[in-house]
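Hi,

Here's the structure I said I'd pass on. Have a look at it first, then read on for what turned up.

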Amino acid sequence: METANRALTADVIAALRYWPGVIWGGQKNPPDPVDMTVLPPFFNEVLQDLPWWNRDWKVDRVQPGLPAETGDHRCDPAVRFTEVSIPGTVVSGNGESLPFVAKVGFTGDRLIRLQVKIGDVVIGAAVAPAGRSEPHPFGRMLTDLMDLRGIPVREMARAAGLSMSTIHMLRRGHNPDLLQARLIAGILDMSEADVRVIAGLDDGSTQ
């Protein structure tokens, strides 16, 4: 499933950014209502792309999300990374219902990553061939972010002061350490905090 780099419509972005239960600088309180009904079709379209997804199950209801990472709001929205969790439910054709939550990460109008949890099961898109372990998702996201900005490997390596082999290794799924995340963030014009979130590095990480 090619979730990364999927274009998001303005209506979907507005629904993903609708956080009436959160107060943060720059947002009207309470925010103007938005059309949340655009999200179930969006999630269903993405899930239908999973070759093993049971088409009998569909997202039927969602609630406003909670932001996990809102980026640096002083940045250009086109390069700001945002991640939000959207709760809801899925139903099967026989009427069975299960809780659903989608964690959606996006930059500008481009989907960067999507992970969903249905009941107790966490699912996502496979990248590696069958029988091989999955690379860290940072590699796919770094590749997509570099491609979106038109940054070739050679330029990233030179600007970050890293070897080309290191950049290739990161793009193939090797997780960065804190120094690499800091250097890469500057070239991508993103905050270091955003890149740490994408890479799964906590503030207290010692990697």
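**The ring cluster**

Phe42, Phe43 and Phe100 are linked into a cluster by ring pairs. Before going further, a word on the source: this is a predicted model, where local features need pLDDT of at least 70 and side-chain atom pairs count only at pLDDT 80 or more, while totals for chains, interfaces and linings use all residues. Residues are numbered from 1 along each chain as its sequence is written, and side-chain values use heavy atoms, with hydrogens and water left out.

The structure holds two aromatic pairs. Rings of Phe, Tyr and Trp (its six-membered ring) pair if their centres lie within 6.5 Å; planes under 30 degrees apart count as stacked, over 60 as edge-to-face and the rest as tilted. Phe42 and Phe43 have ring centres 5.3 Å apart and planes at 55°, so this pair is tilted. For Phe43 and Phe100, the centres are 5.5 Å apart and the planes sit at 65°, so that pair is edge-to-face. The pair links distant parts of the chain, with Phe43 in helix H2 (residues 39-48) and Phe100 in strand S5, 57 residues apart. (Helices, H or I with at least four residues, and strands, E with at least two, are DSSP runs numbered from the N terminus.)

Buried means under 20% relative accessible area, exposed over 50%, and partly exposed in between (1.4 Å probe, protein chains only).

**Helix H3**

H3 (residues 138-149) has 12 residues and reaches 16 Å from its first C-alpha to its last, close to the 16 Å expected (1.5 Å times one less than its number of residues). Its buried residues include Phe138, Leu142 and Leu145. Among the elements covering the buried residues of H3 are strand S5 (97-107), strand S6 (110-118) and helix H4 (153-160). Just after H3, Gly150 has a positive phi of about 70°.

**Ser191**

Ser191 sits in the loop between helix H6 (178-188) and helix H7 (192-199). Its relative accessibility is 18%, so Ser191 counts as buried. A polar atom of the Ser191 side chain lies 3.0 Å from the backbone nitrogen of Asp194.

Cheers

Conventions. A polar contact is a pair of N or O atoms within 3.5 Å; within protein, one must be able to donate a hydrogen and the other to accept it, and residues adjacent in sequence count only if both atoms are side-chain atoms. Contact means heavy atoms within 4.5 Å.
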